Amino acid sequence: MPRVKAAQAGRQGPAKRRLAEDFAAGEVVTDMSKKEWKLGLPIGQGGFGCIYLADKNSSKSVGSDAPYVVKVEPSENGPLFTELKFYQRAAKPEQIQKWIRTHKLKYLGVPKYWGSGLHDKNGKSYRFMIMDRFGSDLQKIYEANAKRFSRKTVLQLSLRILDILEYIHEHEYVHGDIKASNLLLSCKNPDQVYLVDYGLAYRYCPEGVHKEYKEDPKRCHDGTLEFTSIDAHNGVAPSRRGDLEILGYCMIQWLSGHLPWEDNLKDPNYVRDSKIRYRDNIASLMDKCFPGKNKPDEIAKYMETVRLLDYDEKPLYQNLQDILLQGLRSVGSRDDGRLELGISENGGLKAKAGTKRKRDIEKSTEAGVEDMEGTDTQMEEGVQTRSRGRKRVQK
């Protein structure tokens, strides 16, 4: 069975472990720097662990407005270990703040790492990590918005994601699983979006040495099938161009509502072959997804630029940004940093957010973290694998 994950497959994963019973609200954990953190109520649970509200330890209980979350899993499990390595190497608050300052950004959508450690309870050892708390994921908003985002919103999102990708790429990592459900809004500022879930993160360039291009049949189709790169379909380890290719597929889906291969996700080879065919004829991809006259030429130009990248080539991120900025200008807009996620304006339609949709969006903000269901990984630098109802670790 191919090790792939379609967008909805993780929801039918393995039976959830009831870790919430082990950590009552008020439990205190101590990280490696001896800082104490108090746990609140659980707000997310998956096949490997649980996510709780958290705050710095004090006499007060942790409220529903807590600014942090803590991920907890049994220490023998793998997913959090891989994610933790990424955060420790590339997401310390001072690293992120320095990048924001030197690159003159308003913010950077990489969650900050606040601490981690091991916690013993009832004779069992648990690994935990403290990170920022977020609001809704974009997938819920996209679905509540009739599976459409406006062209301006898609371009604004993509500009911010390019900021994120440049940062993590410069810190020797690629993400490998960019999609709406891994993009979370800030709790405090709905115009800020953060890329989460680094369980698939791969250290493509350890100590400045890029991994070689090598096809491995055991790794074919890693990632989320709709969006994963052609390299990943061929069993090649993730690279910078793969992340950019995945973002291109996301842009097309967010704007058009579909991808040409979505109707046959049971056949990974069909999906791969479709992507290869459209990569070699991007004009036909645009015709298929945008049959009207008003085609997003900037997305076609973006895809063409990414197509020409070599496996180990450093992308010119500013060139890609300029292409998307030109797209904003073509629709009479500019990079004002506003996402405008509440309405859809495609095809001249403007759908007002009705009561039910508003309720759906408000309801979707309460968890504020990604689902950890169905993720697995190689330890350290290995590529994480995902499957429908199965979990494997490559040795």
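This is a predicted model: local features need pLDDT of at least 70, side-chain atom pairs count only at pLDDT 80 or more; totals for chains, interfaces and linings use all residues.
Local features were taken at pLDDT of at least 70 and side-chain atom pairs only at pLDDT 80 or more, while totals for chains, interfaces and linings use all residues. Residues are numbered from 1 along each chain as its sequence is written, and side-chain values use heavy atoms, without hydrogens or water.

Helices (H or I, at least four residues) and strands (E, at least two) are DSSP runs, numbered from the N terminus. Two strands pair if DSSP finds at least two bridges between them. Strand S1 (residues 28–30) pairs with strand S2 (residues 36–45) in the antiparallel sense, over three bridges. Valine 29 stands opposite tryptophan 37 of S2. The two strands form a hairpin with five residues between them. In that turn, lysine 34 has a positive phi of about 75 degrees. S2 also runs antiparallel to strand S3 (residues 50–56), joined by six bridges. Here lysine 38 has aspartate 55 in S3 as its bridge partner.

Lysine 71 lies in strand S4 (residues 68–74). An unreviewed UniProt entry places the feature "binding site" at this lysine, Lys71. UniProt positions follow the numbering used here, feature names are shortened, and annotations may be inferred rather than shown by experiment. Lysine 71 counts as buried, at 2% relative accessibility. Buried means under 20% relative accessible area, exposed over 50%, and partly exposed in between (1.4 Å probe, protein chains only).

A three-stranded open sheet has the order S7-S9-S10, with antiparallel pairing. Its edge strands are S7 (134–137) and S10 (193–195), each pairing on one side only. Neighbouring strands are turned by 40 degrees against each other on average, direction ignored. Helix H4 (residues 151–170) packs on this sheet and touches S9 and S10. The direction of H4 makes about 40 degrees with that of S10. Contact means heavy atoms within 4.5 Å. Axes are lines fitted to C-alpha atoms, for helices over the stretch in contact, and angles run from 0 to 180 degrees between N-to-C directions. S7 and S9 (residues 183–186) share two bridges. Phenylalanine 134 stands opposite serine 186 in S9.

Helix H9 (residues 297–307) has buried residues Glu298, Ile299, Ala300, Tyr302, Met303 and Val306. Their cover includes H4, H6, H8 (282–289) and H10 (317–330). In H10, glutamine 321 is buried at 8% relative accessibility. Beyond residues up to four places away in sequence, glutamine 321 touches Leu159, Leu162 and Asp163.

The whole structure holds 18 salt bridges. A salt bridge is a side-chain nitrogen of Lys or Arg within 4 Å of a carboxyl oxygen of Asp or Glu. Aspartate 335 and arginine 160 form one of them (3.0 Å, N to O). This pair links distant parts of the chain, 175 residues apart: the loop between H10 and helix H11 (355–364), and helix H4. Aspartate 335 is partly exposed at 32%, whereas arginine 160 is buried at 13%. Lysine 314 pairs with glutamate 170, with closest N and O atoms 3.5 Å apart. Lysine 314 lies in the loop between H9 and H10 and glutamate 170 in H4, so the bridge ties together parts 144 residues apart in sequence.

Aspartate 243, in helix H6 (residues 240–256), is buried yet has no salt bridge. Its nearest side chain of opposite charge is arginine 240, 8.7 Å away. Lys and Arg count as positive and Asp and Glu as negative; His and the chain ends are not counted.
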